[in-house]
Amino acid sequence: MFSLKGRKALVTGSSRGIGKAIAFALARAGAHVVLHGSKPSEALVNTLASAKSEGLSVSMVTASISSSDEINTMKKQLEQQGDADIDILVLNASTQCYMKVHEFDAAVFEDMFKTNLASSFQMINLFAPYMKEKGWGRIISIGSVNQDRPAGRLSVYAATKAAQKNLMKTCAVDFAPYGVTVNTITPGVIHTDRNAATLKNEEFTKQLLEKIPSGRLGSAEDCAGAAVFLASDEASYVVGADIVVAGGFQL
Ligand SMILES: NC(=O)c1ccc[n+]([C@@H]2O[C@H](COP(=O)([O-])OP(=O)(O)OC[C@H]3O[C@@H](n4cnc5c(N)ncnc54)[C@H](OP(=O)(O)O)[C@@H]3O)[C@@H](O)[C@H]2O)c1
């Protein structure tokens, strides 16, 4: 069960963090995985090298997904390297910035909406037609517990994640007749570069842990199993689901 042999996946934001853990898990399950970062970076090159040293089938591509031009160029680059036939699209990359409602900044808002939401509309339109024609495909979005229970200081980020979850429901209904499933994985507090600085505050982390029934922070690897499951043939009847990986933090 759960073999992904013969499948090709693109995991956005897989140079590090949750995307990297998902990329490794999909590749270990047999998929060829296209790793992705916003730009050529040491993290991306090291991730590629470490996957190859493990014998995994991987390649890489870069694009800042805040730019629709760069996304189009990325698609062309994938075509040139023979990687455009994506069966599994993991929409993982996003940006996050602390901004309460009264701190609203239109430029930050626009950038976060482009990166976290408009890019998803664009990438789905670029990659879903191949899946629909093939009669098999997987689109997996990485949400956040903030989509349903927003933290005040993450007002814009939370709004983008709520909108993304809504988009996944629309796509789930639209694409299911074609054998393309669309689902969300919703992480809680996962220890990655993104929140490393915040989690260094011991008092803050202590108070946070009191709200997480499992009593620990999540790891990037905690999110990977759900992605392998959703990408597999065994999840062909799982449509429009939201798998929460949060140690109970959402409750
Ligand atoms: N960590 C958590 O606690 C948590 C909780 C809930 C949800 N999530 C969600 O899980 C996903 C991954 O989070 P993470 O903590 O692993 O993030 P992370 O450590 O900050 O890594 C972000 C990844 O996204 C890429 N990225 C960022 N901005 C980009 C852009 N404009 N264009 C292209 N790629 C971009 C980065 O590429 P570079 O290396 O090139 O910068 C990197 O690969 C995100 O959608 C996040 O919202 C995380």
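Angles under 35 degrees count as roughly parallel, over 145 as roughly antiparallel, 65 to 115 as roughly perpendicular and the rest as oblique. Angles run from 0 to 180 degrees between N-to-C directions, and axes are lines fitted to C-alpha atoms, for helices over the stretch in contact. The model is predicted: local features need pLDDT of at least 70, side-chain atom pairs count only at pLDDT 80 or more, and totals for chains, interfaces and linings use all residues. Residues are numbered from 1 along each chain as its sequence is written.

**Exercise 1.** Classify the packing of α1 and α8.

*Solution.*
- Locate the helices: α1 spans residues 17-28 and α8 spans residues 224-231.
- Take the geometry: the angle is about 45°, and the axes are 8 Å apart.
- Classify: α1 and α8 are therefore oblique to each other.
- List the contact (C-beta atoms, placed from the backbone, within 7 Å): α1 gives Ala21, Ile22, Ala25 and Leu26, while α8 gives Ala224, Gly225, Ala227, Val228 and Ala231.

**Exercise 2.** Classify the packing of α4 and α5.

*Solution.*
- Take the geometry: α4 and α5 pack at about 15°, with their axes 10 Å apart.
- Classify: that angle makes α4 roughly parallel to α5.
- Find the contact: among its residues are Phe109, Phe113 and Leu117 in α4, and Tyr157, Leu167 and Phe175 in α5.

**Exercise 3.** Find what the buried residues of α5 pack against.

*Solution.*
- Pick the buried residues (20 or more other C-beta atoms within 10 Å of the residue's own, placed from the backbone): they include Val156, Ala158, Met168 and Cys171.
- Name the partners: these buried residues of α5 pack against α4 (106-134), β5 (137-142) and β6 (180-187).

Notes
A residue is buried if 20 or more other C-beta atoms lie within 10 Å of its own, exposed if 12 or fewer, and partly exposed in between; C-beta atoms are placed from the backbone. Helices (H or I, at least four residues) and strands (E, at least two) are DSSP runs, numbered from the N terminus. Two residues are in contact if their C-beta atoms, placed from the backbone, lie within 7 Å.
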